[in-house]
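Hi everyone, thanks for coming. I'd like to walk you through a structure today, so please have the viewer open and follow along.

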Amino acid sequence: MRRLRIADCGLRIDLNSGQGSPVTGRWLLTTDHWSLTTICLLLLFALPALSATLSGRVVDSTGSPVVDARVFIEAGLAAELQESKAGAEASFRFSEVAPGMVGVFAISDGKSFGGLSVTVAPDQDAANLEIKLGAPDVIRGKVSDFRGRAVAEAHVTRVALLGEAKVAIPFSKLAAFGFDEPVTDDRGAFTVNRLPAGSKVALKINHTNFAQEGISDINVGDQDVRVTLQTGVLVRGEVFSRDKQLPVVNAGIVIKNAQPPNDSLATRTDPSGKFLIRLKPGIYLCQAASAEFRSAGWEQLTITGEHPEQQVMLGVAGMGKIRGKVSDAESGEPIAGAKFVLSSQGNTAAIVRTDLSGGFDVIATEGENILTLESAPGYVPPERSAMRVQVVEGKEIELPTFWLAKLAAYQVQVLDNSLQPVSDAVVTVLRPTQFGWYRTDENGRAQLTFGALPSEGEVVGLAEHLREPVGAIFSFQPRDTREAKVQLLPLSNVTGRVVTAEQKPAKGIVVASALTAGIASSEPTWLWRTVTRGDGAFTWDSVVPQVPQRCLAYAGEAISAESATFNAAPSTSQDLGKLILASAGEGVSMYGQSLKWYENRLLSGSLPDKKNLKAKPALVIYCKPEEAPMVVAGLKTVGRAVGETRLICVVVVDGQYSTSGSPILVLEGPSPAAATTYLVDTGGKVTFECLGMPPLRALQGLPKSP
């Protein structure tokens with residue numbers, strides 16, 4: 001039996017007031033960890049925006065079409081479910097889908113729920129989605145209070161499927177479509193049906209007299225899940241208009257935990273402008289909005305737990321709209337992706353980006369607002385990036401065009417030991433982080449371009465020879481446009497071992513080397529990152545000499561051990577000894593294991609047949625959807641530099657991604673371990689694993705082109 005109590009994982013629940021119940025009205029709860037992200041939180045307060053279409057098909061575990069499956073989408077926290085039915089070819093389609101993170105899921109007789117989460121862009125349709133439905137299984141458990149007493153009438157309002165395609169199944173919303181919402185009986189027992197057999201899920205439990213609870217990483221088929229509910233603090237809130245101090249009816253309130261896992265919940269005010277909700281002690285951010293009013297931004301709410309009840313007052317104001325455009329100062333062309341931050345009364349109210357036309361619009365509260373142009377990829381921010389904007393309720397303000405100049409291109413020349421230009425060298429930018437290589441020309445020169453320069457400190461890069469084990473680190477100030485020169489030196493080797501406090505080997509621990517001298521920055525500059533093997537050992541044979549650095553070992557996301565600073569001499573080997581973890585931790589290493597990357601769903605390109613899969617090694621890089629364009633572009637440079645006939649270059653995206661006919665082989669699936677990058681030999685075994693771009697030395701031993 002497992003007893004589990006973790007931070008909230010998200011749910012939506014409709015509650016009717018009952019005798020003795022301290023909570024009334026409508027609750028809506030969710031979390032970033034599930035299928036809805038912070039983007040969806042903002043949708044609760046958004047005005048109508050550009051919409052897109054979403055389409056795909058439903059298949060079973062063998063890939064056969066599932067005809068007449070019921071398909072649903074959940075397009076935001078406040079959105080009702082929309083339903084479609086898979087047609088004769090098992091296809092489905094939804095139109096006028098709001099932009100943001102959308103949950104798509106399906107169900108059919110005799111099969112489990114299945115689905116995925118997809119980011120819908122306002123200017124791009126989401127097509128060719130594939131929902132897989134497998135064999136169904138159940139989860140059973142019991143809910144009790146903190147004294148161990150059974151809790152009846154507790155609702156399992158939301159279930160997150162944590163498989164390859166993550167999505168939340170909102171049972172509380174599905175009740176309106178004829179589905180039963182799991183509810184505990186007098187013994188506190190509950191059953192959740194139609195879950196994917198052999199997978200993991202997370203559950204959300206809610207009751208009128210308790211704060212919400214979530215449990216994660218539950219194996220489908222578990223028959224004895226235990227949940228403990230806590231009373232929490234009863235928060236009595238009121239929303240009022242700032243101008244007339246009048247209560248605001250049916251205002252939506254979003255409350256987001258400011259601490260990990262940053263779970264969020266929402267509710268609405270009653271006819272008197274008041275709301276009740278139970279929260280665990282902690283620090284939260286809250287915001288309120290109605291059809292006519294909204295908060296100036298996220299306001300901090302601290303629940304101390306010192307008292308059983310706590311009061312909160314939220315002021316809202318009328319709204320107007322700010323519109324603008326960002327353009328290239330030389331060509332006049334629109335600049336897409338420029339980031340603006342809107343602040344009101346000292347609070348961050350919104351973050352928006354320009355669309356393909358270079359335009360943006362944002363809803364702001366009446367009165368003074370501050371709009372800051374924070375960044376624009378490839379362009380120099382204006383000297384005065386912030387402007388004050390007076391917003392009038394119900395009015396639209398058109399701002400003057402923001403004219404931006406392109407960032408200057410920088411040049412580096414790579415020299416060998418005799419100070420002669422190296423034409424067969426590649427350059428990697430380490431800071432700011434870029435993914436990909438720059439190839440030097442016949443004069444040993446490479447031109448570097450940037451989407452944005454570091455806000456502090458220098459630009460840092462790595463130069464490597466394409467065929468020889470030599471390399472060097474270089475750096476320059478962004479304001480210095482003179483050509484940088486770097487001389488290559490023989491690379492060194494570093495080894496070490498990560499162990500627990502009990503001296504047991506720690507497998508699958510991320511070990512990262514950080515630059516320790518010469519760079520004026522509060523953020524670390526990573527020189528390389530790898531993962532410990534089964535015996536806790538790690539090795540890196542591409543260490544640039546004469547560069548002070550130290551190794552950091554991570555248990556989860558926290559630094560748990562670090563080495564002393566070392567400065568390797570050229571062509572030497574150095575053993576760092578044991579790095580002892582301060583906290584327990586273990587991950588997964590794929591070194592020496594089979595990596596069947598080709599079994600993932602194909603998004604772009606043509607998969608080699610079984611014979612050709614063994615004809616040459618593969619470089620497989622796993623990434624998130626937002627990283628995919630950068631990774632695909634980076635692998636193109638790898639293929640050109642190393643030779644496409646010597647290496648299969650593969651990108652595997654953990655989520656939905658539109659490839660737009662990418663020449664690189666692109667598949668969909670999760671990373672199998674802590675690393676992101678794997679070199680797989682012709683036998684299908686992993687011979688090298690790291691995070692980010694691989695060092696050239698790892699590729700220099702590839703078989704020569706036939």
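How many helices and how many strands are there in the protein chain? The chain holds 5 helices and 54 strands. Before we go further, please keep in mind that this is a predicted model. The protein chain has 706 residues, and 52% of them count as buried. Now look at the contacts in the protein chain with a separation of 6 or more: 65% of these come from residues 24 or more positions apart.

Let's turn to the sheets. In which order do the strands β6, β5, β8 and β9 come in their open sheet? Here 4 strands line up as β6-β5-β8-β9, and the pairing is antiparallel. At the edges sit β6 (82-85) and β9 (114-120), each of which pairs on one side only. Neighbouring strands in this sheet are turned by 25 degrees against each other on average, direction ignored. If you zoom in on strand β8, residues 100-107, you can count 7 bridges joining β8 to β9, and these two strands run antiparallel. For a landmark there, find Gly103, which stands opposite Ser117 in β9.

Please move along to another open sheet. This one also has 4 strands, in the order β13-β12-β15-β16, again with antiparallel pairing. Its edge strands are β13 (167-169) and β16 (213-219), and each pairs on one side only. The twist averages 25 degrees from one strand to the next. Inside this sheet, strand β12 (residues 155-161) is joined to strand β15 (residues 200-206) by 6 bridges, and the two run antiparallel. Leu161 has Val201 in β15 as its bridge partner.

Is Asp328 buried or exposed? Its relative accessibility is 4%, so Asp328 counts as buried, the cut-off being under 20%. What does Asp328 touch, leaving aside residues up to four places away in sequence? The list is Glu333, Ile335, Tyr379, Trp403, Leu404 and Lys406. Take Leu404 from that list: Asp328 and Leu404 are 76 residues apart in sequence, and their C-alpha atoms are 5.3 Å apart in space. The side chain of Asp328 also has a polar atom that lies 3.0 Å from the backbone nitrogen of Ser331.

On to the aromatic residues. A pair of aromatic rings is described by the distance of the centres and the angle of the planes. The count of aromatic pairs in this model comes to 18. One of them is Trp526 with Tyr554, an edge-to-face pair with 6.2 Å centre to centre and 75 degrees between the planes. This pair links distant parts of the chain, with Trp526 in strand β44 (residues 526-531) and Tyr554 in strand β46 (residues 549-555), 28 residues apart. Trp526 is partly exposed, with a relative accessible area of 24%, whereas Tyr554 counts as buried at 18% relative accessibility.

Then there is Trp528 with Trp540, a stacked pair with 5.0 Å centre to centre and 10 degrees between the planes. Here too distant parts of the chain are linked: Trp528 is in strand β44 and Trp540 is in strand β45 (residues 537-543), 12 residues apart. Both of these Trp residues, Trp528 and Trp540, are buried.

If you like clusters, select Phe72, Phe105, Phe113, Phe171, Phe177 and Phe179, which form one aromatic cluster.

Last stop: charges over rings. Lys256 lies over the face of Trp298, at 4.7 Å from the ring centre. And which ring has the charged end of Arg533 over it? That is the ring of Tyr591, with the charged end of Arg533 at 3.8 Å from its centre.

That's my tour; thanks for following along.

Terms used
Residues numbered from 1 in each chain as written. Predicted model: local features only at pLDDT ≥ 70, side-chain atom pairs only at ≥ 80, totals over all residues. Heavy atoms only, no water. Buried < 20%, exposed > 50% of the residue type's maximum accessible area, 1.4 Å probe, protein only. Contact = heavy atoms within 4.5 Å. Polar contact = N/O pair within 3.5 Å; in protein donor to acceptor, adjacent residues only side chain to side chain. Pairing = 2+ DSSP bridges. Axes fitted to C-alpha atoms, helices over the stretch in contact; angles between N-to-C directions. Phe/Tyr/Trp six-rings, centres within 6.5 Å; stacked < 30°, edge-to-face > 60°. Lys NZ or Arg CZ within 6 Å of the ring centre and 35° of its normal.
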